[in-house]
Amino acid sequence: MFDFSIVTSFVDNLLRQTLGLGDFWTILIECVLVGLGILVGYALLAIVLIFMERKVCAYFQCRIGPMRVGPWGIFQVFADVLKMLIKEIFAIDKADLLLYYVAPFLVIIASVGTFSFLPWNKGMSVLDFNVGIFMITAISSIGVVGIFMAGWGSNNKYSVVSAMRGAVQMISYEMSLGLCLICAVILTGTMQMSGIVDAQTGPWKWLIFQSPTAIIAFLVFLVSGNAEANRGPFDLAEAESELTAGYHTEYSGMGFGFYYLAEYLNLFVISGLASAVFLGGWAPVNIGLDAFDHVMNLIPGIFWFLGKSFLVVWILMWVRWTFPRLRIDQILKLEWKYLMPLMLLVLILTTAWVALV
Amino acid sequence: MANIIMFCILAVVILGSAVMCVTTKRIMRAATFLLFVLFGIAGIYFLLDYTFLGAAQISVYAGGITMLYIFAIQLVSKRTLQGLVERLKGSRVVVGALATLAGLVTVVAVLLKNQFINAALGTSDTEVPMEQIGKALVGSGKYEYVLPFEFISLFLLACIVGGIMMARKEEEK
C-alpha cells in the first residue's frame with residue numbers, strides 16, 4: 001500500500017542532511033510547508049465543493065445549473081470569488097467593530113483546525129495527537145463562539161436571533177456527535193486518528209461491519225453532523241424567508257466569503273470524519289479474496305479517502321435538497337428527546353458488545 | 001529555542017488579553033478577551049505536551065464556560081451591563097497589591113522548596129498516552145481517581161436537575 005511517509009522523510013532528509021540545517025530551521029520550514037499544503041488543499045476543496053453543490057442542487061431540482069462561464073460552467077466559482085473580492089467592505093454603524101472583524105476568523109480557525117486532523121493517507125495526517133478525536137470536538141466548539149460574535153457584532157436583531165439559534169443548535173448536536181465518536185473510540189480502542197484507521201484495515205474490518213451498533217452510530221453521526229455544519233434541513237440559522245440571511249447578513253466581501261468557505265469545508269470535515277471513523281478512511285475495500293484485495297491495495301489511500309468522503313458529501317447534499325427545513329423547536333426536540341437518549345443507549349450496547357463479543 | 005519563542009508569543013497574548021479583559025468597558029469584548037486568555041493557556045499546555053489537558057481546556061473553557069457567559073450576558077437587559085466602571089479606592093489598591101505579593105511569595109516558595117523545576121527539566125518531552133490517563137481516571141488503585149470522578153459526575157447531575165427544576169414553569173392548575 002502506498003505510504004506517504006516516503007515523501008515526508010525525503011523532505012526531512014533533504015533539509016537535514018543535504019542542506020545541513022539545524023533542528024529549529026528544519027522544523028520551521030516543514031511547518032510552513034505543511035501549513036501551505038493545508039491551506040491550498042482547503043481552497044481547492046472549497047472550489048470543488050461549491051461547484052458540486054450548485055450542480056447537485058440543480059439536478060435535484062431538475063435544472064442544469066451554471067452553464068455560461070466556461071464549458072459546463074466549471075469557471076463559475078472563480079467568477080463568484082472574483083465578484084466577492086471586489087465588493088465594498090463597509091463598517092457597521094453603532095456596532096462593536098472588534099467583534100465584527102474577529103468573528104469570521106474564529107469561524108475559519110475552527111474549520112481549518114478540524115480540517116487538519118483528517119487522515120488523508122497512510123503516513124499523511126497533519127495533526128495526529130493521541131487525543132485526536134477529543135481534540136476535534138474541542139476545536140469545532142470554537143466555531144460556535146465565532147457565530148455568536150458575528151450575530152452580536154452586526155448590530156442587527158435578525159442576526160442576533162439567528163446567532164442564538166445557530167449556537168443553541170450547534171451546542172445541542174455536539175452532544176450526540178461526541179457520543180457517536182465515543183462509540184467508535186470504544187470499538188477501535190484508540191483516540192488517535194491514524195490508530196482508528198489502522199484498526200479498520202483488512203477484510204471486512206470497517207467499523208460499520210464490525211458491530212451493529214456502529215451502523216446506528218454512523219447514521220446518527222450523519223444527522224447530527226449535518227446539524228453541526230448548519231446545513232440541510234437544519235439550516236434555520238440562515239432561514240432566508242424569516243431572518244434575511246442569518247448571522248452573516250451584515251458581512252460583505254471576504255468576511256462573508258469566510259462564512260461561505262467554512263460552511264462548505266465543515267460539510268467536508270463532517271464527511272471526512274464519517275468516512276475516516278466509520279467507513280475506514282484510507283483503508284481500501286478488502287473482501288478476503290487475495291487477488292481482489294491485492295488489486296484494491298494498489299490504489300493509493302488518498303483516493304479511497306476522497307472517494308468515500310465525497311460519497312458522504314453527496315448523500316448530505318441529497319438530504320439537504322430533498323427535505324424541508326425544520327422549525328427550531330422540532331430541531332431541539334429531535335436532539336434532546338430522540339437522538340441523545342438513543343445514543344446513550346447505543347453507547348451502553350456498544351460497551352456490552354465489546355465486552356461480550 | 002522554538003519553545004522559548006512560542007512561550008513568549010503565548011505570554012504576550014495571555015497578558016495582553018488579560019489586561020484588555022479587565023480594562024474594557026464593553027461586556028462582550030471582555031468575554032472575547034477572556035476567551036483569548038483561555039486559548040493562550042491551552043497553548044501553554046500544548047507546549048508542555050499535555051495534549052489531553054490542552055484539549056480539555058479548549059473544550060471546557062472556550063467551548064463551554066465562555067458560551068455560558070455569553071448566554072448569561074444575552075439573558076440580561078442590554079443596558080445593565082454596558083459601560084460599567086469601577087473606581088478604585090487607595091486602600092483597596094494597597095490590599096490588592098498585598099494579596100498579589102502574598103500569592104507570589106507562596107508560589108515562589110513552593111517552587112523553590114519542592115524543586116518542581118528541576119524535576120520538570122529532568123523528564124523528557126513525551127506525551128502521556130491516553131490509555132494511562134483513562135485508567136487513572138476511573139481506576140480504583142493507588143494514584144487512581146474513581147471516587148473524585150464519580151463524586152463530580154454525581155454533583156454535576158445534581159446541578160443539572162436543580163437547573164431544570166428552577167427553569168421549569170409549573171403549569172397553572
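In chain B, helices α1(B) and α2(B) are roughly antiparallel to each other, because their angle is over 145 degrees. The model is predicted.

## The α1–α2 pair in chain B

Helix α1 covers residues 2-23 of chain B, and helix α2 covers residues 27-47. Their axes come within 8 Å. They cross at roughly 160°. The crossing of α1(B) and α2(B) is left-handed.

Which residues of α1(B) and α2(B) meet? From α1(B) come B:N3, B:M6, B:F7, B:L10, B:V13, B:I14, B:S17, B:A18, B:M20 and B:C21. From α2(B) come B:A30, B:F33, B:L34, B:F36, B:V37, B:G40, B:I41, B:G43, B:I44 and B:L47. By class, this contact of α1(B) with α2(B) has 16 nonpolar and four polar residues. No charged residues take part in the contact of α1(B) with α2(B).

## Chain B as a whole

Chain B has seven helices and zero strands. Along the sequence, the pattern reads α-α-α-α-α-α-α. Is chain B compact or spread out? Its radius of gyration is 21 Å. The globule rule gives 16 Å for 173 residues, so chain B is more spread out than a compact globule.

Burial in chain B comes to 13% of its 173 residues. Contacts can also be sorted by distance along the sequence. Take the contacts in chain B with a separation of 6 or more: 48% of them join residues 24 or more positions apart.

## Chain A as a whole

Chain A contains 15 helices and two strands. Its radius of gyration is 21 Å. A compact globule of 357 residues would have a radius of gyration near 21 Å, so the value for chain A agrees.

In chain A, 45% of the 357 residues count as buried. Among contacts in chain A with a separation of 6 or more, 79% are between residues 24 or more positions apart.

The table sets out the values for each chain.

| Chain | Box filled by C-alpha atoms, along the principal axes | Buried residues |
|---|---|---|
| Chain A | roughly 65 × 55 × 45 Å | 45% of 357 residues |
| Chain B | roughly 65 × 50 × 30 Å | 13% of 173 residues |

## A helix pair in chain A

Helix α4 (residues 97-115) and helix α12 (residues 253-277) of chain A have axes that come within 9 Å. These axes cross at roughly 25°. That angle is under 35 degrees, so α4(A) is roughly parallel to α12(A). The crossing of α4(A) and α12(A) is left-handed.

On the α4(A) side, the contact uses A:P104, A:V107, A:I108, A:S111, A:T114 and A:F115. On the α12(A) side, it uses A:G255, A:F258, A:Y259, A:L261, A:A262, A:L265, A:N266 and A:V269. The residues of this α4(A)–α12(A) contact divide into ten nonpolar, four polar and no charged.

## Two loop residues in chain A

Now look at the loop between α2 (23-60) and α3 (76-85) of chain A. A:C62 lies in this loop. A:W72 is found in the loop between α2 and α3 of chain A as well.

A:C62 is not a glycine, yet it has a positive phi of about 60°. A:W72, also a residue other than glycine, has a positive phi near 55°.

Why does A:C62 count as exposed? It has 6 C-beta neighbours inside 10 Å, and 12 or fewer makes a residue exposed. A:W72 has 13 C-beta neighbours inside 10 Å, so it counts as partly exposed.

A:C62 can also be compared with A:R16 in position. The two are 46 residues apart along the chain. Their C-alpha atoms are separated by 57 Å.

## Where the chains touch

How many residues does each chain bring to the contact? Chain B brings 20 residues, and chain A brings 24 residues. In chain B, α2 and α3 (51-75) each supply at least two residues of the side that touches chain A. Helix α3(B) gives the most to that side, with ten residues. By class, the side of chain B that touches chain A has twelve nonpolar, five polar and three charged residues.

Technical notes. Residues are numbered from 1 along each chain as its sequence is written. Chains are lettered from A and ligands numbered from 1 in the order in which they are written. This is a predicted model: local features need pLDDT of at least 70, side-chain atom pairs count only at pLDDT 80 or more; totals for chains, interfaces and linings use all residues. Helices (H or I, at least four residues) and strands (E, at least two) are DSSP runs, numbered from the N terminus. The radius of gyration is taken over C-alpha atoms; the globule rule is 2.2 Å times the number of residues to the power 0.38. A residue is buried if 20 or more other C-beta atoms lie within 10 Å of its own, exposed if 12 or fewer, and partly exposed in between; C-beta atoms are placed from the backbone. Two residues are in contact if their C-beta atoms, placed from the backbone, lie within 7 Å. Axes are lines fitted to C-alpha atoms, for helices over the stretch in contact, and angles run from 0 to 180 degrees between N-to-C directions. Angles under 35 degrees count as roughly parallel, over 145 as roughly antiparallel, 65 to 115 as roughly perpendicular and the rest as oblique. A crossing is left-handed if the near helix is turned anticlockwise from the far one by less than a right angle, and right-handed if clockwise. Ala, Val, Leu, Ile, Met, Phe, Trp, Tyr, Cys and Pro count as nonpolar, Asp, Glu, Lys and Arg as charged, and the others, Gly among them, as polar.
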